Amino acid sequence: MKIGVTQIILGSMPLADTLALCQEAGYDAVELCFEEDRDMDINMSESELKAVRESCAAAGIEISSVAANYQDRGNLLSLNSGQRAKGIKSVVRSLEIAEALGVEAILLHPGQLTDEGTYLGVWENLSSVLSDLAPIAESHGAVIGLENVWNKFLLSSREMCDFIDEIDSEWVRSYLDTANMMAYGYPEHWIRELGGRIVRVHFKDFKRDHHQFVNLLDGDTNWPSVMRNLRAVEYDGYVIHEVGGDWAHQVDVAERMRRIVAM
């Protein structure tokens, strides 16, 4: 497995510094995040995206995945069709950017569940949206990785499996976060049950008695079991950490990741 870091936790760090950090820390890959009015701008031209791809290649850093969101990113879990349309726009742009960069997966945070409507109604709306997006993902050669997040939706591995199976496309799969279920479950269950549905993995750790995320190896994650189960389901892709902290901290996290993947 190859280790990496996501720009989600690097704040406004520009690409050049991100790549320098990856080189110093020994990361194999980076998850690039595009937004409006920042170094990695979601509205970059094809030539600008080509330059990003070339910069990463020159630095010897692979691009594991892409996340791209407009400032008004909408909400794919909303009952409002306009909000879902805004979310769709970000997904389509993510797929376009992924193709330009030669990246095979995008990260999707689908939005937040509200108290409107019913759980089933939201399920059906999102299933319909992602079913429609699946052929678009195929045309761009990038899988939509649906992440388990703290949004009150898809709260169990069984639900995530059923949801992905309902869409029935290899272009919509799971982006597994190893800590986002730890307040109420175990990553090992998710890994075993999702199996080949997993396209990418975020590494985080969680301390249950404090109900908070902590540095890798400082929480309650059974990392030997996590690694054993990832290998059992034949996952050999990128593991990307999502642990905040300054430059020195990111170098330390890389060393912790190497210790974990060696388990």
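Predicted model: local features only at pLDDT ≥ 70, side-chain atom pairs only at ≥ 80, totals over all residues.
## Nonpolar cores

The largest nonpolar core comprises 85 residues. Within this core, the residues with the most contacts are Tyr27, Leu32, Phe34, Leu101, Leu130, Ile144 and Phe203. Helix H4 supplies the largest share of the core, namely eight residues. A second, separate core has seven residues, among them Cys33, Leu107, Tyr175 and Tyr238. In soluble globular proteins, nonpolar side chains tend to be buried together.

The surroundings of Leu101 can be listed in detail. Neighbours within four places in sequence being set aside, Leu101 is in contact with Leu32, Phe34, Leu49, Val52, Arg53, Ile63 and Val66.

## Helices H6 and H7

Helix H6 spans residues 187–194, and its buried residues are Pro187, Glu188, Trp190, Ile191 and Leu194. These residues lie on the same side of H6, because they cover an arc of only 160 degrees around the axis. Their cover includes helix H5 (157–167), strand S6 (172–177), strand S7 (198–203) and helix H7 (223–232). After H6 comes Gly195, with a positive phi near 50 degrees.

In H7, the buried residues are Trp223, Ser225, Val226, Met227, Asn229 and Leu230. They pack against H6, S7, strand S8 (205–207) and helix H8 (247–261). H7 is followed by Glu234, whose phi is also positive, near 65 degrees.

## Salt bridges between separate elements

Twelve salt bridges are found in a search of the whole structure. One of them joins the side chains of Lys2 and Glu62, with an N to O distance of 2.7 Å. This pair links distant parts of the chain, since Lys2 belongs to strand S1 (residues 2–6) and Glu62 to strand S3 (residues 62–68), 60 residues apart. Lys2 is partly exposed, at a relative accessible area of 37%, and Glu62 is likewise partly exposed, at 30%.

Lys86 and Asp72 form another salt bridge, in which the closest N and O atoms are 2.7 Å apart. Lys86 is in helix H3 (residues 81–101) and Asp72 is in the loop between S3 and H3, so the pair ties together parts 14 residues apart in sequence. Lys86 is partly exposed, with a relative accessible area of 31%; Asp72 is partly exposed, with a value of 42%.

Because the two are three residues apart in helix H3, about one helical turn separates Arg93 from Glu96. An α-helix has 3.6 residues a turn, so residues three or four places apart point the same way.

Asp177, Lys204 and Glu242 are linked in a network of salt bridges. Side chains of opposite charge can pair when their charged atoms come close.

## Nonpolar surface patch

Tyr119, Leu155 and Tyr184 make a nonpolar surface patch of about 270 Å². Tyr119 lies in helix H4 (residues 119–140). The relative accessible area of Tyr119 is 31%, which means that this residue is partly exposed.

Conventions: Residues numbered from 1 in each chain as written. Heavy atoms only, no water. Patch = residues over 30% accessible without salt bridge, like charges linked within 9 Å, V, L, I, M, F, W, Y side chains within 5 Å. Areas by Shrake-Rupley, 256 points an atom, 1.4 Å probe, with all protein chains shown as cover. Salt bridge = Lys/Arg side-chain N within 4 Å of Asp/Glu carboxyl O. Helix = DSSP H or I, 4+ residues; strand = E, 2+ residues; numbered from the N terminus. Buried < 20%, exposed > 50% of the residue type's maximum accessible area, 1.4 Å probe, protein only. Arc of directions from axis to C-beta. Contact = heavy atoms within 4.5 Å. Core = buried A, V, L, I, M, F, W, Y, C linked by side-chain atoms within 4.5 Å.
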